[in-house]
Amino acid sequence: MGHLKQRNLNTTRERLRDQVAHALRAALISGELRPGEVYSAPTLAEDFGISATPVREAMLDLAREGLVEPVRNKGFRVTEVNERDLDQYTEIRTFIEVPMVGRVTREAAREDLEALRPVAEDIVRAAREHDLIGYLEADRQFHLALLALGGNDRLVETVGDLRKRSRLYGLTTLDERDQLIPSAEEHIELLDLMVAGDAEGAERCMSRHLGHVRSLWAEGEAERKSAQGVLKTRLRTER
């Protein structure tokens, strides 16, 4: 026990699995569940105060998303994302999202674009208030809703899957240093360019934004590895 912070869950059967999956994703993002570590469904279920079945089902959902992998007779290992993975995810997203932003800028109704402004503002607000889960959820909603204006559902699903696979480690440290705020504000800049009909400017902004996100991934991973190194050194010293 003791892996996860206390969370209140709605015990309605049809909702429980989804709530556990959401809580586990939040724990992955915050670093409560660590890359490379193996966690058993019964142990996590004790932390939630529920039976192991919905936890196991939720972990299987996360496994299909590539966030964890089953380990026979032990549980689930949190998958690690390496630099090559992150580069490839960024490259694919750039191929998809940059031209799509240009297309949406040229074709979408301005009122449909303006409808996304409250979500863009939520991203900035969450970053400033250090609401990490709120930040990531608003960011996800903004990007996928923007792409949805292009009318290609399969494209939206593909980007959604890439976003799940490229979740950030060490993001908490970056948040504490206010390093997420500039990335958050780029959503407002992007939307302003799109509403103004500046397709080329919007494409340049999206390309820069994805590069910014990639640099945050690198910084977050570096912070995580540095913290692990300090801990290992301390443990060796104390022996």
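Setting aside neighbours within four places in sequence, Leu 190 is in contact (heavy atoms within 4.5 Å) with Val 101, Phe 142, Leu 146, Ala 202, Cys 205 and Met 206. The model is predicted: local features need pLDDT of at least 70, side-chain atom pairs count only at pLDDT 80 or more, and totals for chains, interfaces and linings use all residues. Residues are numbered from 1 along each chain as its sequence is written, and side-chain values use heavy atoms, leaving out hydrogens and water.

Leu 190 belongs to the largest nonpolar core, which has 38 residues. Such a core is a set of buried Ala, Val, Leu, Ile, Met, Phe, Trp, Tyr and Cys residues joined through side-chain atoms within 4.5 Å. Buried means under 20% relative accessible area (1.4 Å probe, protein chains only). Tyr 135, Phe 142, Leu 146, Leu 190 and Met 194 touch the most other members. Helices supplying at least two residues each include H4 (83-107), H7 (132-148) and H11 (199-238). H7 gives the largest share, eight residues. Another core, of 23 residues, lies apart; Leu 16, Ala 21, Ala 45 and Val 68 are among them.

The strands form an open sheet in the order S1-S3-S2, with antiparallel pairing. Pairing requires at least two DSSP bridges. Strands are DSSP runs (E, at least two residues), and helices are runs of H or I, at least four residues.

| Strand | Residues |
|---|---|
| S1 | 38-39 |
| S2 | 68-71 |
| S3 | 75-78 |

S1 and S2 stand at the edges with a single partner strand each, so one side of each lacks a neighbour in the sheet. Two bridges join S1 to S3. Val 38 has Arg 77 in S3 as its bridge partner.

Key
Buried means under 20% relative accessible area, exposed over 50%, partly exposed in between (1.4 Å probe, protein chains only).
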